[in-house]
Structure formats: C-alpha cells, structure tokens
Amino acid sequence: MGKGIVVGAVGIILAGVVAAWIGISLGYAPANADAKPSSVERFIAMHALHAAIHRLAPKGPNPVASTDANVIDGIKLYAKNCAVCHGGAMGERSNIAEGLYQKPPQLAMDGVEDDPAGATYWKIAHGIRMTGMPAFDGTLSQEQIWKIALFLKRMNSLSPAAEKVWDKVEN
Ligand code: HEC
C-alpha cells in the first residue's frame with residue numbers, strides 16, 4: 001500500500017517534469033525581456049539574493065577612507081560603468097534601462113544609502129544573477145569597487161565639490 005503511494009507520487013512528479021519540459025521545448029516558457037516579472041519569480045530572486053548577501057558580503061565598514069577625493073573617484077567610475085543603467089543625477093531612464101527585465105533602479109531617486117557598504121560592494125563585485133546587473137570583479141579593482149560603494153552610500157550627503165561633479169553625470 002505504502003509502496004504504491006510512493007510509486008504513484010514519483011510518477012506524478014515525473015509526469016509534471018516531462019510536461020514542463022515539453023511546454024518549454026514548444027516555446028511556452030516566457031523568455032522575453034519586455035514583460036513584468038511574476039511575483040513568484042521576484043520572490044525567489046529577492047529571497048536568494050538576500051540570503052546570499054547575508055552569507056557572503058564583507059562585514060564591517062568600507063576600507064576606503066571617506067574623503068572627497070575618493071567619493072569623486074567613485075562618481076567618475078559610476079559615470080563610466082553604471083550610469084547607462086542606473087541613471088545620472090537627473091535620474092532619467094536610458095533606453096537600455098527601459099528595455100531591461102528587471103528594471104534597474106535609478107539610484108539618484110531610489111538609492112542604496114541605507115544598505116551596508118559590504119552589501120553594495122558584493123552586488124557590484126558579483127552582479128545579480130538573472131538581471132542585467134553585471135559583475136565587475138574581473139574588470140574593476142577592489143579599491144575601485146569600494147570607492148563606488150562609498151559614493152553610493154554618501155549620495156545624499158555629498159560635499160559641494162562632489163555635488164558639482166555628480167550634477168554633470170548623465171545616463
Ligand atoms: C546593464 C545594466 C546595468 C549596469 C551597467 C549596472 N547595473 Fe546595477 N543593476 C542592474 C539591474 C537590472 C539591477 C537589478 C534590479 C533588481 O534586482 O530588481 C541592478 C541592481 C543594482 C543594485 C541593487 C539595487 C538595490 O536597490 O538593491 C546596485 C547597488 C547596483 N545595481 C549598482 C550598480 C553599480 C554601482 C554599477 C556600476 C559599477 C552597476 N550597478 C551597473 C543593471 C545594471
């Protein structure tokens with residue numbers, strides 16, 4: 001009796017997997033970027049991201065000194081590597097940002113000042129899977145990534161000199 005239930009359950013699961021595979025092979029699984037992510041997809045992605053950051057992101061403060069020169073270096077690196085997706089000082093979406101699936105937040109409007117520096121460092125270094133967020137650990141140095149994280153943390157409280165540089169950044 002017990003064995004029959006197990007065999008039946010395995011059969012149902014296998015039939016489900018085969019049906020899903022046939023559906024995917026026939027082109028029924030959504031593969032386009034011009035749609036809104038489903039709530040299930042968003043929940044799984046966000047839950048996985050939070051757990052990974054909790055486990056892997058560096059703890060403790062930003063090792064780069066919070067000087068104006070470092071913040072301005074961070075702004076320049078941001079302008080070159082990030083503004084195309086996350087926007088400049090005006091927070092307007094570029095065509096690239098508009099066409100991505102997950103929409104990148106325009107950080108001037110919807111910033112990450114409240115996030116721990118290590119969490120922002122981790123996202124920039126390793127990217128975010130299944131979104132357009134690239135990993136920069138192969139192309140930027142650790143110091144450069146920390147400088148960008150410093151700028152993002154201080155975006156709401158820039159000195160006049162840094163504000164002047166930031167105001168010129170466009171997407
Ligand atoms: C090609 C587009 C693209 C580029 C370039 C890009 N990002 Fe992203 N970024 C994204 C997308 C898409 C997301 C994910 C949004 C989501 O998860 O809903 C994201 C997420 C993030 C987040 C998390 C935001 C939050 O609210 O938690 C941070 C921080 C971030 N990016 C910083 C950067 C920085 C800094 C750079 C440059 C070094 C950069 N990104 C370059 C597309 C991009």
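1. A residue counts as buried when its relative accessible area is under 20%. In this predicted model, His86 has a relative accessible area of 14%, so His86 is buried.

2. His86 is also a metal ligand. Its NE2 atom and the SD atom of Met133 coordinate the iron atom of the ligand, at 1.9 to 2.1 Å. His86 sits in helix 4, and Met133 in the loop between helix 6 and helix 7. The pair therefore ties together parts that are 47 residues apart in sequence.

3. Now the largest pocket. The space in it comes to about 1300 Å³. Its lining has 46 residues, and those closest to the centre are Leu49, Gln102, Ile128, Thr131 and Met133. Met133 is also one of the residues that coordinate the iron.

4. Which helix gives the most to the lining of this pocket? Helix 2 does, with ten residues. Helices that each supply at least two residues include helix 3 (68-81), helix 4 (83-86), helix 6 (117-126) and helix 7 (142-154). By residue class, the lining divides into 28 nonpolar, ten polar and eight charged.

5. Last, the largest nonpolar core. It holds 28 residues, and among those that touch the most other members are Val71, Ile75, Tyr78, Phe151 and Trp166. Helix 3, helix 6, helix 7 and helix 8 (160-167) give two or more residues to this core. Helix 7 gives the most, with seven.

Terms used: Residues numbered from 1 in each chain as written. Predicted model: local features only at pLDDT ≥ 70, side-chain atom pairs only at ≥ 80, totals over all residues. Heavy atoms only, no water. 1 Å grid on protein atoms, 1.4 Å probe; cavity = no way out; pocket = protein on both sides within 12 Å on 5 of 7 lines; lining within 4 Å. Points joined across faces, edges and corners; volume = space filled by probe spheres on them. Helix = DSSP H or I, 4+ residues; strand = E, 2+ residues; numbered from the N terminus. Nonpolar A, V, L, I, M, F, W, Y, C, P; charged D, E, K, R; others polar. Donors = N, O, S within 2.8 Å, 3.2 Å for Na, K, Ca; no water. Buried < 20%, exposed > 50% of the residue type's maximum accessible area, 1.4 Å probe, protein only. Core = buried A, V, L, I, M, F, W, Y, C linked by side-chain atoms within 4.5 Å.
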